Amino acid sequence: MKPLSPTDQLFLWLEKRQQPMHVGGLQIFSFPEDAPDDYVSRLAEQLRNDTEVTAPFDRRLDSRFAQPVWVHDKHLDLEHHFRFEALPTPGRIRELLGFVSAEHSHLMDRERPLWEFHLIEGLGDRQFAVYIKIHHSLVDGVSAMRMFQRMLSTDPAKRNMPPIWDLSARPRRNEDRSGPSLWGSISHLLGESGKQLGTMPTVARELLRTVNTARKDPVYKSIFHAPRSILNQKITGSRRFAAQSYCLKRIKAVCKAYGTTVNDVVTAMCASALRTYLMNLDALPEKPLIAMVPVSLRKYDKPGDGTSESKQSEGNQVGVILANLYTDESHAGTRLRKIHQSMQEGKDRYANMSPEEIVNYTALTLSPAAFHLLTGVAPKWQTFNVVISNVPGPKETSYWNGAKLEGMYPVSIAMDRLALNMTLTSYNDQVEFGLIGCRRTLPSLQRMLDYLEDGLVELEQAAVS
């Protein structure tokens with residue numbers, strides 16, 4: 001028996017029919033060169049025979065003294081969780097994304113362990129796919145990525161590799177369970193910010209400095225007053241998932257031309273796509289959209305403070321930058337420079353703060369957003385419009401039972417008043433975008449993939465000129 005943390009309980013509490021709180025991932029593999037045509041069905045049979053289920057996949061929800069706990073499921077039915085399925089003809093990426101859109105819309109049965117593993121055949125070009133979804137109360141995005149990477153190998157000759165539900169347990173350190181997301185900051189605000197009173201003088205000083213700057217600078221002030229947008233309406237339970245890969249070399253070339261970071265460029269691509277998408281719907285606000293961008297705090301640990309490597313893995317390790325996307329700016333190059341400056345201002349603010357101070361500062365500045373997202377009773381407190389999150393992935397070409405991993409796409413969470421989540425991950429020489437949104441609130445969301453490409457092309461052309 002294991003009690004749920006306050007963060008984990010928050011994900012259960014937030015879940016509603018129109019607001020499933022599971023995260024997921026879509027992976028596309030190519031057959032091994034020597035594989036027969038029935039390779040995927042043989043792989044499915046191998047997986048069915050792997051009936052050993054390790055933590056956390058063997059846990060289901062229960063209650064003790066009116067508090068939710070995880071307990072070992074003695075009657076786990078693997079056939080319910082592992083599903084071998086085929087796409088309808090003609091088996092294009094379009095059909096695959098439609099399959100993930102539908103599956104990601106469905107709530108999971110809380111009487112069972114909260115995860116599913118879908119092995120999908122029927123893709124063309126001797127490819128197959130894996131779609132995994134798991135409740136956010138069980139793992140966060142970073143933990144899920146680490147588990148998936150443990151399922152892979154850099155050796156294309158390796159076979160008989162176990163599925164994600166049968167990975168041998170590793171010694172666990174007291175890692176951050178919030179992950180790089182909005183949810184960790186909100187849960188910290190609700191349950192833990194009072195524990196670190198020693199950080200309050202620095203936090204109060206920086207918050208006062210931020211407020212004073214906002215009073216003098218209208219652009220800076222917009223960070224605390226994001227515009228009303230169709231992105232921030234109530235949503236339905238139906239999802240649209242869109243995904244695509246972009247060449248990292250192209251993005252790095254733009255970085256070099258403008259003296260910015262990869263994160264700046266992908267944020268600018270998102271800003272361009274949002275601008276075009278909303279303009280085509282005649283719904284682009286006059287004021288610029290604001291993005292919530294999680295950042296790692298490990299680099300803000302001060303050298304010589306006695307912090308060991310193992311200690312740095314403990315506690316909250318994520319802060320948040322509220323980045324102005326400058327969607328009111330028509331020139332792509334100018335927009336990128338302004339986004340870079342906006343992001344740099346947030347990083348500079350954190351430069352003289354400890355990770356604990358950054359977390360508490362984040363909790364306080366996000367309090368209006370948290371209150372609005374959780375209750376919906378304060379529409380004027382729209383602190384940001386969209387989440388743009390970057391989760392690092394494998395740096396080398398990876399394989400699973402000899403099948404080459406061609407692409408991996410994160411599938412995140414949309415919720416009331418946050419109808420779009422733009423999550424990306426890196427893999428080898430690619431940047432993989434996964435967009436999840438409400439199908440009704442944001443029609444034809446898949447067009448945003450073209451707009452992301454258009455945004456990158458605009459930056460490349462502006463760099464040349």
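User: Which residues in α15 are buried?

Analyst: Met448, Leu449, Tyr451, Leu452, Gly455, Leu456, Leu459 and Ala462 are buried in α15. Buried means under 20% relative accessible area, exposed over 50% and partly exposed in between, with a 1.4 Å probe and protein chains only. This is a predicted model: local features need pLDDT of at least 70, side-chain atom pairs count only at pLDDT 80 or more, and totals for chains, interfaces and linings use all residues. Residues are numbered from 1 along each chain as its sequence is written, and side-chain values use heavy atoms, leaving out hydrogens and water.

User: What makes the buried residues of α15 line one face?

Analyst: Seen down the axis of α15, they fall within an arc of 165°, so they line one face of the helix. The arc is that of the directions from the helix axis to the C-beta atoms. The face turned away from the buried side carries the exposed residues Gln461 and Val464.

User: Why does glutamate 116 count as buried?

Analyst: Its relative accessibility is 5%, so glutamate 116 counts as buried. Glutamate 116 lies in strand β6 (residues 115-123). Helices (H or I, at least four residues) and strands (E, at least two) are DSSP runs, numbered from the N terminus.

User: What joins the side chains of glutamate 116 and histidine 118?

Analyst: A polar contact of 2.8 Å joins them. The term covers a pair of N or O atoms within 3.5 Å; within protein, one must be able to donate a hydrogen and the other to accept it, and residues adjacent in sequence count only if both atoms are side-chain atoms.

User: Why is the pair of tyrosine 39 and phenylalanine 128 called tilted?

Analyst: The rings are 5.9 Å centre to centre, with 50° between the planes. Rings of Phe, Tyr and Trp (its six-membered ring) pair if their centres lie within 6.5 Å; planes under 30 degrees apart count as stacked, over 60 as edge-to-face and the rest as tilted, so this pair is tilted. Tyrosine 39 lies in helix α2 and phenylalanine 128 in strand β7 (residues 127-135), so the pair ties together parts that are 89 residues apart in sequence.

User: How do you know that tyrosine 39 and phenylalanine 128 are buried?

Analyst: Tyrosine 39 has a relative accessible area of 11% and is buried. Phenylalanine 128 is buried too, at 0%.

User: Which residues form the aromatic cluster?

Analyst: Phe29, Phe31, Tyr39, Phe57, Phe82, Trp115, Phe117, Phe128, Trp165 and Trp400 form one aromatic cluster.
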